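Open the model in your viewer and keep the selection tool handy. We will go from stop to stop, and at each one you will read what to select and what is there.

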Amino acid sequence: MALLVEKSTSGREYKVKDMSQADFGRLEIELAEVEMPGLMASRTEFGPSQPFRGAKITGSLHMNIQTAVLIETLTALGAEVRWCSSNVFSTQDHAAAAIARDSAAVFAWKGETLQEYWWCIERALDWGPGGGPDLIIGDGGDATLLIHEGVKAEEEFAKNGTIPDPTSTNNVDFQLVLTIIKASLMTDPLRYTKMKERLVGVSAITGVNRLYQMQANGTLIFPVININNDTFTKKEIDNLYGCRHSLPYGLMTATNFMIAGKVVLVAGYGDVGKGCAASMKQAGARVIVTEDDPTLALQATMEGFQVFPLEDVVSNVDIFVTTTGKKDIIMVDHMLKMKNNAIVCNIGHLDNEIDMHGLKTFPGVKRITIKPQTDRWVFPDTNSGIIVLAEGRLMNLGCATGHPSFVMSCSFTNQVIAQLELWNERSSGKYEKKVYVLPKHLDEKVAALHLGKLGAKLTKLTKDQADYISVPVEGPYKPAHYRY
């Protein structure tokens, strides 16, 4: 695909695969809105006051139908939005087309190359000569990585004329990052510095560990609200219940293999792993968990799962699911010992849990694409192979349509609330260049916005009851130090 920015009839920039799919996208967006009560309630409550008026928001997050409802909530609250996806396979092209036509600047399509992926991020951050966005919604941290690396390179360039060298790294993604920054230095040597100066803050889902490291070494250049594992409505609802639905759906969509009776290995027993293990057990699989944390291993065993190292069981497993958020979980040496047609997939957010580089470069290996994002890799010595889904990236988005709309309403309402918090406090000094968690009262607000859709009514504490447990009658009902 030619990397040229196009413009809609209204003058809005975009680059998507097929604008003729916009009507189809609009129909699905309207269906999703009914299942996303938190976002729709946010429009009702905040829309009339237009709190985001004047705010420029860049999003780097899967461009699917549910994200479309998030984008149009931001625009309904007054924001101007530019968007790209955070995964080369996670875009739903009809969703991208509908938003590009009707609401926001979108640069995303399913099946991007890595070069196209980084070009899309660069476009989503490009707000013209006035600097970058005021706010960023991030998933994976690639947009924020580009800004941090850009600022660092511009400082070195101003100091001694040093220009980034893309050949200095073997990491293909980072080579492309350095290539973009190198080109930018030739046209605007302060481009990313201006972005840093304008940026109010970021709400982040994944890639947060990198941001905590930056905070620790003093290189974080903006405030961040982490709404991942320290937020109930993300940690429990999105990670746990979302995976219960999307993992079996993704497996069936990709392979149509029966799950019942199969041996399934779930690598990791954090919230994502718990949801995956529960869904596979419910589907009739025999589930094994791998875990390096003794407390999580104990939880897994108490739930009836066997806990073993991967090496002990690799030849007996039919389906491998990585959920850890760590790296180098399933390596090519493991793959060589797997059953013929064992399925290998990842639902752990990052794309480095499965050793795709080792697999792709294994001498004599043959790749057979059965259908998009479903590949059989055949090893030369045994003439048997494994089935890898979504090239080791998120299979629930690469092979299916992601989590259910209601689940994503919980996660995305967090994003709206976090963005409002950052924007409303932009001049108060409340948020320094640190990583914060969403305050408990806002987390509870997100939960409350979804109860009506489920027909639930809260019991109201009396003042005596509230005083007895030392909480306000109106909440929050957990202290700040409480961990879900």
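Start with isoleucine 288: its bridge partner in β11 is glutamine 306. Keep in mind as you look around that this is a predicted model.

Now widen the selection to strand β10, residues 286–290, which runs parallel to β11 and is joined to β11 by 2 bridges. Both strands belong to an open sheet of 8 strands; color the strands in the order β11-β10-β9-β12-β13-β16-β15-β14 and you will follow its mixed pairing across. Its edge strands are β11 (306–307) and β14 (366–371), each of which pairs on one side only.

Next, show helix α11, residues 271–282. This helix lies across β9 (263–267), β10 and β12 (319–322), and runs at about 170° to β9.

While you are here, select alanine 390, in the loop between β16 (385–389) and α16 (395–398). Its phi is near 55°, a positive value in a residue other than glycine.

**The sheet of 9 strands**

Move on to another open sheet, also with mixed pairing, in which 9 strands follow the order β1-β2-β5-β4-β3-β6-β7-β8-β17. Which strands stand at its edges? They are β1 (6–7) and β17 (435–437); each has a single partner strand, so one side of each is left without a neighbour in the sheet. Helix α3, residues 65–76, packs on this sheet and touches β3 (56–60), β4 (80–84) and β6, with its direction at about 160° to that of β4.

Inside the sheet, pick strands β6 (residues 135–138) and β7 (residues 201–204): they run parallel and 4 bridges join them.

**Proline 51**

Select proline 51 in the loop between α2 (37–46) and β3. Which residues does it touch, leaving aside its neighbours within four places in sequence? The contacts of proline 51 are Phe46, Leu77, Leu420 and Trp423. For a sense of scale, draw a C-alpha to C-alpha distance from proline 51 to leucine 190: the two are 139 residues apart in sequence and 30 Å apart in space.

**The second largest pocket**

Show the surface and go to the second largest pocket, with a volume of about 430 Å³. To center your view there, select Glu444, Ala447, Ala448, Leu458 and Tyr477, the closest to its centre of the 16 residues that line it. Which element gives the largest share of the lining? Helix α18, residues 440–451, does, with 6 residues. Color the lining by residue type and you will find 9 nonpolar, 1 polar and 6 charged residues.

**A cis peptide bond**

Now select glycine 475 and proline 476, which are joined by a cis peptide bond with omega of about 5°. Proline 476 sits in the segment after α19 (463–468).

**Zooming out**

Finish with the whole protein in cartoon view, where there are 19 helices and 17 strands to find. The C-alpha trace spans about 65 × 60 × 50 Å along its principal axes. How does the radius of gyration fit that of a compact globule? For 484 residues such a globule would have a value near 23 Å, and the protein has 23 Å, which agrees.

Technical notes: Residues are numbered from 1 along each chain as its sequence is written. This is a predicted model: local features need pLDDT of at least 70, side-chain atom pairs count only at pLDDT 80 or more; totals for chains, interfaces and linings use all residues. Side-chain values use heavy atoms; hydrogens and water are left out. Two strands pair if DSSP finds at least two bridges between them. Contact means heavy atoms within 4.5 Å. Axes are lines fitted to C-alpha atoms, for helices over the stretch in contact, and angles run from 0 to 180 degrees between N-to-C directions. On a 1 Å grid over the protein atoms alone, a cavity is a set of points where a 1.4 Å probe fits but cannot get out, and a pocket is an open set with protein on both sides within 12 Å along at least five of seven lines; lining residues have an atom within 4 Å of a point. Grid points are joined across faces, edges and corners, and a volume is the space filled by probe spheres set on the points. Ala, Val, Leu, Ile, Met, Phe, Trp, Tyr, Cys and Pro count as nonpolar, Asp, Glu, Lys and Arg as charged, and the others, Gly among them, as polar. The radius of gyration is taken over C-alpha atoms; the globule rule is 2.2 Å times the number of residues to the power 0.38.
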